[in-house]
Amino acid sequence: FKGFLAVIWLGAYGNMEAMPYIVATAAIIGHLYPVWLKFKGGKGVATGLGVLLALNWPLALVTLGLWVFFAYWFRISS
């Protein structure tokens, strides 16, 4: 939800066409390399899905469907 909200809310500000993509990239990098963990060990998968839902929801649903298929088929989620 944080990635989705960041792109929807902050991506609307500014006069640049690329602003939602800049905000999306910053949100994902911020979750992959958190300051409080000394830039190590973050998780950005859920944030990436939220960002993708905000940027292109049909692609996000296809990606989620593929993840569910492969998680069920191979019993691996990483």
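User: What share of the contacts in the protein chain with a separation of 6 or more comes from residues 24 or more positions apart?

Analyst: The share is 33%, where contact means heavy atoms within 4.5 Å. This is a predicted model, in which local features need pLDDT of at least 70 and side-chain atom pairs count only at pLDDT 80 or more, while totals for chains, interfaces and linings use all residues. Residues are numbered from 1 along each chain as its sequence is written, and side-chain values use heavy atoms, with hydrogens and water left out.

User: Why is the pattern of the protein chain written α-α-α-α?

Analyst: The protein chain has four helices and zero strands. Helices (H or I, at least four residues) and strands (E, at least two) are DSSP runs, numbered from the N terminus, so reading along the sequence gives α-α-α-α.

User: Why is Thr47 called buried?

Analyst: Buried means under 20% relative accessible area, exposed over 50%, and partly exposed in between (1.4 Å probe, protein chains only). Thr47 has a relative accessible area of 7%, so Thr47 counts as buried. Thr47 sits in helix α3 and, leaving out residues up to four places away in sequence, touches Gly3, Ala27, Ile28 and His31. In the protein chain, 21% of the 78 residues count as buried.

User: What makes up the largest nonpolar core?

Analyst: Five residues do: Val7, Ala24, Ala27, Val51 and Ala54. A nonpolar core is a set of buried Ala, Val, Leu, Ile, Met, Phe, Trp, Tyr and Cys residues joined through side-chain atoms within 4.5 Å. Both α2 (19-32) and α3 supply at least two residues of this core.

User: Which residues line the largest pocket, and how do they divide into nonpolar, polar and charged?

Analyst: The lining consists of Val45, Ala46, Leu49, Leu52, Thr63, Leu64, Trp67 and Ser77. Six lining residues are nonpolar, two are polar and none is charged. Here Ala, Val, Leu, Ile, Met, Phe, Trp, Tyr, Cys and Pro count as nonpolar, Asp, Glu, Lys and Arg as charged, and the others, Gly among them, as polar. By that rule Thr63 and Ser77 are polar.

Technical notes. On a 1 Å grid over the protein atoms alone, a cavity is a set of points where a 1.4 Å probe fits but cannot get out, and a pocket is an open set with protein on both sides within 12 Å along at least five of seven lines; lining residues have an atom within 4 Å of a point.
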